[in-house]
Amino acid sequence: MRPDGRYRVKYKEKYFYGYTQSEAYAARDEYKRMLERGLREEQLGISVKAYAAKWVATHKAHVSNNMYDTHVRILNRFCDLYGEKRMMDITPTDIQAFYNQYASMSQKTINAHRDTIKGMFKTALGDRVITFDPCLGANPPKGTKGSHRAISAQERTLIRSTKHRIRAGAMAMLFAGLRRGEAMALNIDRDVDFDKCLIHVREAVRFEKGHPLVCDPKTEAGVRSIPMLDVLADELRGKHGLLMQSVDGGLMSESAFDRAWQSYITALETELNGCHKRWYGKTKEHKAILEAGGELPPWKPVNIRPHDLRHSFCTLLYETGVDLKTAMKWMGHSDHEMIMRIYAHLSEEQEKAAYKNLIAGVNKALGVKTGVKKEDDDCKAQ
């Protein structure tokens, strides 16, 4: 027995401890069983944090810089929970608890977390650091489907007419297809060429625990030059520095951007409805309508997300006949899959609209008064 009251036993120059002799022998026997199952002796006690650092450094050469950054961010979150635990002690319940934190996120975000964690534990199994893969017993939640939309003509007009400190950034996303991070990193003095009517995308902002970091664009194709439309040139002319900036002129944090965007949405709603929502039903005009027994016009909410503006630019490219290869270049996509999906959807919607117009035209020519039947809504021209 040791002076601290613990028992110690030795096996192959390694000591095992316990507050009873049985505990010490049990620790030794567990170690022997692990060796018999083929685990590497020098890796038995490695922590999640230590192995994650080793894994991500080893795989850096095989992935893009952006994918490497994604792995680092996800593993940092995982290590915040389990960094001090041994790799061999991570259970399916631990993995499930980590996945569950992202239940409200997009499917793309959930898949990225799943792929990173599964990749690390699959490698650990091959390295004989663990005897089973805890990811096999965990199921990522279903995320929200991508539901970005093209904004309406009324919303485009509203964006142009509503004054706000981040309107220029919104218009750059709408009329140049910039991602949020690209718009936040854009420096008007450096990246906007008014003579050649070009916008040069060189950098993007990503967030690390809410703090802004300047990095390369999302993909290699993200470094690009985009023709600047007159409506955007008019908005940017006379402005200097960062396109979207904090109150002190620097990069915006994630929370600062969220607050600014919500403030912008509120400004759009106020412009659209004629008053701030808090004064809806309380203005002199509204009180007069109510006193006269009338009904107030329904409040019109504005629901525009930053990526909806980029999606709208892609829609604009399709509607104006821009070919797929050029659209890929201007949108900064490294492959054609995303653009093709958007173009195919728009083509399908256009085909449905054309079919309905055809039915309406034929009915009018034949003097048929009945409109398009409900079941015809889902029909397609063959």
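## Terms and model

Angles under 35 degrees count as roughly parallel, over 145 as roughly antiparallel, 65 to 115 as roughly perpendicular, and the rest as oblique. Axes are lines fitted to C-alpha atoms, for helices over the stretch in contact, and angles run from 0 to 180 degrees between N-to-C directions.

This is a predicted model: local features need pLDDT of at least 70, side-chain atom pairs count only at pLDDT 80 or more, and totals for chains, interfaces and linings use all residues. Residues are numbered from 1 along each chain as its sequence is written, and side-chain values use heavy atoms, leaving out hydrogens and water.

## Confidence

pLDDT is the predictor's confidence in each residue, from 0 to 100. The chain averages 85. At least 70 is reached by 87% of the residues. Residues 372-382 fall below 50. Beyond near neighbours in sequence, that stretch has 12 contacts in the model (contact: heavy atoms within 4.5 Å).

Helices (H or I, at least four residues) are DSSP runs, numbered from the N terminus. The axes of H4 (residues 92-100) and H5 (residues 107-126) come within 11 Å and cross at roughly 155°. H4 and H5 are therefore roughly antiparallel. From H4, Ile95, Phe98 and Tyr99 make the contact. H5 contributes His113, Arg114, Ile117, Lys118 and Phe121.

H2 (residues 48-59) also packs on H5: their axes come within 11 Å, crossing at roughly 100°. That makes H2 and H5 roughly perpendicular. Tyr51, Ala52, Trp55 and His59 of H2 meet Thr116, Gly119, Met120, Thr123 and Ala124 of H5.

## Asp94

Asp94 sits in helix H4. Leaving out residues up to four places away in sequence, Asp94 touches Tyr82, Lys85 and Asp89.

## Nonpolar cores

A nonpolar core is a set of buried Ala, Val, Leu, Ile, Met, Phe, Trp, Tyr and Cys residues joined through side-chain atoms within 4.5 Å. The largest holds 52 residues. Leu178, Leu232, Leu243, Met244, Trp261, Ile304 and Leu309 touch the most other members. Helix H7 (residues 167-176) supplies the largest share of this core, 8 residues. Apart from it lies another core, of 28 residues, including Val56, Met87, Phe98 and Tyr99.

Leu309 contacts Ile151, Ile159, Ala170, Met173, Leu174, Trp261 and Ile304, setting aside its neighbours within four places in sequence.

Notes:
Buried < 20%, exposed > 50% of the residue type's maximum accessible area, 1.4 Å probe, protein only. Helix = DSSP H or I, 4+ residues; strand = E, 2+ residues; numbered from the N terminus.
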